[in-house]
Amino acid sequence: MTAYLLKRLAIALATLVLASMVVFAVLEILPGDPARLMLGMNASADQVELLRNQMGLDASLPWRYLHWAGGLLSLDFGRSYTYSVPVIDLVRERLAVSLPLALIALALSTIIAIPVGLFSASRRGRAGDTLAMGAAQLGVAVPNFWFALMLIYVFAVWLRLVPAGGFPGWSAGVWPALKSLLLPAVALALPQAAILARVTRSALIEVLNEDYIRTARAKGLPYRAVLWRHALRNAMIPVLTIIGLQFAFLLAGTIIIENVFYLPGLGRLVFQAITQRDLIVVESVVMLLVAAVIAVNLLVDLSYAIVDPRLRGRQ
């Protein structure tokens, strides 16, 4: 297990270094001068050059990359060109919204999808399976911003149970903050639950056709026990893969939902930084998200070895 862990850690670190080079190179070749954009088109060349010097934009690309990458290692993400505050403060403030939102949405998605997948696989070809997979197909087809608008209309406008948007901050109390994240989390979770339910069903159907499942049934084990104790565990590898990918998406890909509910999360921060050509914010937040994706994939790889011990032997 130690060798397996070390190998995965080495791959994760190499991937992180390569990703940092790609992110820095791609953003640096984008058209537009941040100093010119900040000062406006009427600024003189001397003013632009002075600001470029203050921002470190006149240095060579290798030096700028090494300076930026070294800062990332010490959690010094630099200073935002637009907001004139440390990027780490912006990230910490926005992560306090995006991370709980992603975790709540992922928990809801998993809680909904696993039982639906089990139910559908155990009733393959029956009316319940058709109904469940039809609902899952609808969840995949309908965009999450439409779910968001419907949830706002029903629960915020009509029933007035939760706020329609905004985030009061955790200083206002845990419950008011969670209430403001509830509808966005549901809007994010429903399409992801539909995808995960279909994957769970397919993986379970494949496992249920294995010989050891028929042997367990022949020994007299109840079908529910076979389904939960034997089939589900052996079908978890593709399910865990999708869960890992979904967490990465929920953390990084919530720009539309954050705009619908007017949430000050990482998605809106990246969108605003791109429009304002605030490269240091974009580079730092993207690398943070890349690191989160790599960390989640590492945890998923380790969970493979826990779920299926045969993988440890192969390594």
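**Why these labels?**

Modeller: Let's start at Arg 160, which sits in the loop between α7 (144-158) and α8. Keep in mind that this is a predicted model.

Colleague: Happy to start there. Is Arg 160 buried or exposed, and what makes it so?

Modeller: Its relative accessible area is 70%. The label "exposed" needs over 50%, so Arg 160 is exposed.

Colleague: And what makes the backbone of Arg 160 worth a remark?

Modeller: Arg 160 has a positive phi of about 55 degrees, although it is not a glycine. Most residues other than glycine have a negative phi.

Colleague: What is the phi of Tyr 262, and where does this residue lie?

Modeller: Tyr 262 also has a positive phi, about 55 degrees, and is not a glycine. Its place is the loop between α12 (255-260) and α13 (266-275).

Colleague: Why does Tyr 262 count as exposed?

Modeller: Its relative accessibility is 56%. Exposed means over 50%, so Tyr 262 counts as exposed.

Colleague: Let's turn to Ile 243. Where is it, and is it buried or exposed?

Modeller: Ile 243 belongs to helix α11, residues 236-252.

Colleague: How do you know which residues Ile 243 touches?

Modeller: A contact needs heavy atoms within 4.5 Å. Not counting residues up to four places away in sequence, Leu 106, Thr 110 and Leu 196 are in contact with Ile 243. For Thr 110, the separation from Ile 243 is 133 residues in sequence, with 7.8 Å from C-alpha to C-alpha.

Colleague: Which residues have the most contacts inside the largest nonpolar core?

Modeller: That core has 77 residues, and those with the most contacts inside it include Trp 68, Phe 261 and Val 281. Its largest share, 15 residues, comes from helix α8 (residues 174-208). As for Val 281, beyond its neighbours within four places in sequence, this residue is in contact with Ser 80, Val 87, Leu 90, Leu 269 and Ala 273.

Colleague: What does UniProt list as "transmembrane region"?

Modeller: The unreviewed UniProt entry lists residues 95-119, 140-161, 237-257 and 285-307 under that name. In the model, residues 95-119 are 100% helix and 0% strand, with end C-alpha atoms 36 Å apart. Residues 140-161 are 77% helix and 0% strand, and their end C-alpha atoms lie 27 Å apart.

Note on methods:
Residues are numbered from 1 along each chain as its sequence is written. This is a predicted model: local features need pLDDT of at least 70, side-chain atom pairs count only at pLDDT 80 or more; totals for chains, interfaces and linings use all residues. Side-chain values use heavy atoms; hydrogens and water are left out. Helices (H or I, at least four residues) and strands (E, at least two) are DSSP runs, numbered from the N terminus. A nonpolar core is a set of buried Ala, Val, Leu, Ile, Met, Phe, Trp, Tyr and Cys residues joined through side-chain atoms within 4.5 Å. Buried means under 20% relative accessible area, exposed over 50%, partly exposed in between (1.4 Å probe, protein chains only). UniProt positions are given in the numbering used here, feature names are shortened, and annotations may be inferred rather than shown by experiment.
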